[in-house]
Each structure stands twice: as C-alpha cells, then as structure tokens.
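Let's walk through this structure together, one piece at a time. Keep the 3D view open and follow along as you read.

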Amino acid sequence: QVQLVESGGGLVQPGGSLRLSCAASATIFSMYDMGWYRQAPGKQRELVATITSSGSTNYADSVKGRATISRDNAKNTVTLLMNSLNPGDTAVYYCNAVRIIVTGLRHNYWGQGTQVTVSS
C-alpha cells in the first residue's frame, strides 16, 4: 500500500557525487524506518544506509564517511548523498520502507530501483 519512487541515479565519474531521493506515498511516513540498499550484478543485495522513524542512522562500512542519509517527514522523502564515488558503488539502488506492527509482523516495501553507474 506504500509506493516508493527513487530518482537521481545515473552515470557518475569516479570521485564524483550523487544525490538519490525516494518519494513515499505513505500518509504516515514518519512511522516508517527507511533505508537505501543496493545490488550489483552477481552480488547479494546489501545495506547502504538506514534511518529510523526516530532519526537514528547507520551505514555500511563500505560507505561510512562518504554517505549521508536524511529524511524530510513533511515532504515524505528520504535522501542519500554520496561522495567520492568509485566503480564499486555501481549498482541498482533501492529505497526501502519498514514498519513493525508487532514482533513477527511488519510492513515492508521496496521501490523499483535506480541505476547508479560509476565509470570514467
């Protein structure tokens, strides 16, 4: 019931920066934990960064110091800023929304993904 739409992906040169945005349709967006994940060809989908409904953030070791996740509850958006991009960052990036109703029951939604290619 929640739709997530990513934008901002594209071709970026090594050392460059990007800004990914995720727009959510949820009317109770502030109640969801949000995150960015990525999946490169032949690899498992991996966490990039998350931000909880209370604003707590965490990052994958591979992007610590290079990435910043933020949310704007008034606009129902979550943003990922990354700099010092390298070819290893090439992947499809997915927006994720999770709301835990009770232990063992959750609502989990994924966006369609946006391609990020880091290449010279």
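Predicted model: local features only at pLDDT ≥ 70, side-chain atom pairs only at ≥ 80, totals over all residues.

Val 102 and Leu 105 sit where strand 9 (residues 91–102) pairs with strand 10 (residues 105–110), in the antiparallel sense and over 6 bridges. These two strands form a hairpin with 2 residues between them. In that turn you will find Gly 104, with a positive phi of about 90 degrees. As background, strands of a sheet pair through backbone hydrogen bonds, either parallel or antiparallel.

Next, look for an open sheet of 4 strands, whose order is 1-3-8-7 with antiparallel pairing. Strand 1 (4–7) and strand 7 (67–72) are its edge strands, each pairing on one side only. From one strand to the next, the twist averages 15 degrees. Strand 7 pairs with strand 8 (residues 77–82) over 6 bridges, again in the antiparallel sense. Here Arg 71 stands opposite Val 78 in strand 8.

Now turn to the inside. In soluble globular proteins, nonpolar side chains tend to be buried together. The largest nonpolar core here has 31 residues, and those with the most contacts inside it include Trp 36, Val 78, Leu 80, Met 82 and Tyr 93. Among the strands that each supply at least two residues of this core are strand 3 (18–24), strand 4 (33–39) and strand 11 (114–118). Which residues does Tyr 93 touch, leaving aside its neighbours within four places in sequence? Its contacts include Leu 20, Trp 36, Val 48, Leu 80, Met 82 and Val 116.

Val 63 counts as buried because its relative accessible area is 0%, under the 20% cut-off. Beyond its neighbours within four places in sequence, Val 63 is in contact with Arg 38, Val 48 and Met 82.

Finally, find the disulfide. A disulfide is a covalent bond between the sulfur atoms of two cysteines. Cys 22 and Cys 95 form one, with their sulfur atoms 2.0 Å apart. The pair links distant parts of the chain, as Cys 22 in strand 3 and Cys 95 in strand 9 are 73 residues apart. The torsion about their S-S bond is about -85 degrees, so the disulfide is left-handed. Cys 22 is buried, with a relative accessible area of 1%, and Cys 95 is buried as well, at 0%.

Definitions and conventions: Residues numbered from 1 in each chain as written. Heavy atoms only, no water. Pairing = 2+ DSSP bridges. Axes fitted to C-alpha atoms, helices over the stretch in contact; angles between N-to-C directions. Core = buried A, V, L, I, M, F, W, Y, C linked by side-chain atoms within 4.5 Å. Buried < 20%, exposed > 50% of the residue type's maximum accessible area, 1.4 Å probe, protein only. Contact = heavy atoms within 4.5 Å. Disulfide = S-S within 2.5 Å.
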